[in-house]
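Me: I have a structure to go through with you. Can we take the terms one at a time?

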Amino acid sequence: MTPQIEQILGYVAGSFTNYERVVAESANKALINIEPKYQNTFFEKSLSHGIPSLILMYSSLYKVTKQEKYIALSNIHIEKLVEIISKDGIESPSLYAGTAGISLAIREASISGKYYTKLLSSLHCLLKEQTQEKLIISLSNIDKRIIEPFDYDMVNGFSGIVNYLILEREYFFEELKQIGTYLLKYVETILYKVTNCSVDTKNELDLGIAHGIVGPMLTLAKLKSERILKEDVEILNKAIKLVFLCRREDKLWPGKIYSDNILNFDFKNLPTRMAWCYGTPGTALALFKICQLMDLNYTDNIVESLVAQMNSTEKNIYSPSMCHGLSGVAFIYDLIGRSYSNVELANFADYLRQEIIMQFSEQKIFGYTDREKLGEVEVELESVGILQGVSGIVLFLLNPYSDEELLWERMFI
């Protein structure tokens, strides 16, 4: 690990030790030029924006560096989290904002199951119950061809939840099978709506990994490769072909397409961005992993889009974060570049990584800020979470120094 990386990790880890300060600074009350709903970036029980982010960061730092201070800090934050959930409960099974996410953080802190076995067992019981309740609602919705991101997506839906459930495959086997049934119906419904699109319908197709079709497609590929899903998944091939049909002429994927775009087969003026959540990198990542899991041959076309994004002037990227910033994009280019032995992609990832390192400043409260454009206003937000904040940047910078898989990646792939 380079001295520069050690400096960044040490500074950020130290800046999170005062919990009250983290909460206060994350309120961003000094920003009066934005809507109040954008100000607060800290949500206690959320893996994406709260205490589980810090637990996962400190536990990962311990696994890589073996420094006892990090596991001690992880334990302190677990005590705080348990105090909160004992009083308030956990509302949903979500990976980003609920029980699956909290379980992921505690699992990493357990150091391969040595600690927190009772806490994990309790969380698993709750997660099983919540997932079963969610399945009843979601299966009812999809049987009526009602599509709700809350049911299927990475953030609140099954595409994210499965990334934890699959770690406890036997315990959650029946739930995983039913989720596979739901997601097959979801993809079938999307294909039906696109195929039967008309001037009288107002259909919208989200192509992003965070809230769009490629997240459920990837989850189906995972369930099939794990032999949980027994059904034929030829429908995945059809869905992949649809996603490629929706590329713009410059080979970039827009975030969303609409009925008139489908009917006129015209996607060239639709906006895109270089990000994990929406746009070419995130869509490419999902398709690439599907091809790996299902032994499909679309990789050259995926790389073509990633190279086109590198050369495009339409990037719309402001932040160093994982969600919509440089860390998420560098993570994707590095993963695909190394997996596919593509020097051009890997070199771009290295370039972005250096940009992230250069943006670090001890003049900033937590070392980095999340920069985003809200309408015409560009703002800098104090944010500590994995999704849009500093702990996600730290985990990305830490990743090359780990000899084993770090669980945080399951939030993004």
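Me: Where is the place of I111?

Reply: I111 sits in the loop between helix 5 and helix 6. Helices here are DSSP runs of H or I with at least four residues, strands are runs of E with at least two, and both are numbered from the N terminus. This is a predicted model: local features need pLDDT of at least 70, side-chain atom pairs count only at pLDDT 80 or more, and totals for chains, interfaces and linings use all residues. Residues are numbered from 1 along each chain as its sequence is written, and side-chain values use heavy atoms, with hydrogens and water left out.

Me: Why is I111 counted as buried?

Reply: Buried means under 20% relative accessible area, exposed means over 50%, and partly exposed is in between (1.4 Å probe, protein chains only). I111 has 15% relative accessibility, so I111 counts as buried. Its phi is near 50°, a positive value in a residue other than glycine.

Me: What makes K251 partly exposed?

Reply: The relative accessible area of K251 is 31%, so K251 is partly exposed. K251 lies in the loop between helix 11 and strand 2 (256–258). Phi of K251 is near 75°, a positive value in a residue other than glycine. Most residues other than glycine have a negative phi.

Me: How do you know that helix 8 is largely enclosed by the rest of the structure?

Reply: Count the buried residues. In helix 8 (residues 158–165), eight of the eight residues are buried, so helix 8 is largely enclosed. Among them are F158, I161 and Y164. The buried residues pack against helix 5, helix 6 (117–143), helix 7 (149–152), helix 9 and helix 10 (214–225). Contact means heavy atoms within 4.5 Å.

Me: Why is helix 9 called oblique to helix 11?

Reply: Look at the angle. Helix 9 (residues 173–195) and helix 11 (residues 234–245) pack at about 45°, with their axes 10 Å apart. Axes are lines fitted to C-alpha atoms, for helices over the stretch in contact, and angles run from 0 to 180 degrees between N-to-C directions. Under 35 degrees counts as roughly parallel, over 145 as roughly antiparallel, 65 to 115 as roughly perpendicular, and the rest as oblique. That makes helix 9 oblique to helix 11.

Me: Which residues of helix 9 and helix 11 meet?

Reply: L184, V187, E188, L191 and V194 in helix 9 meet I235, K238, A239 and L242 in helix 11. By class, the contact has seven nonpolar, no polar and two charged residues. Ala, Val, Leu, Ile, Met, Phe, Trp, Tyr, Cys and Pro count as nonpolar, Asp, Glu, Lys and Arg as charged, and the others, Gly among them, as polar.

Me: What makes strand 3 and strand 4 a pair?

Reply: Two strands pair if DSSP finds at least two bridges between them. Strand 3 (residues 370–374) and strand 4 (residues 377–381) have five bridges, in the antiparallel sense. The bridge partner of D370 is L381, and K373 stands opposite E378.
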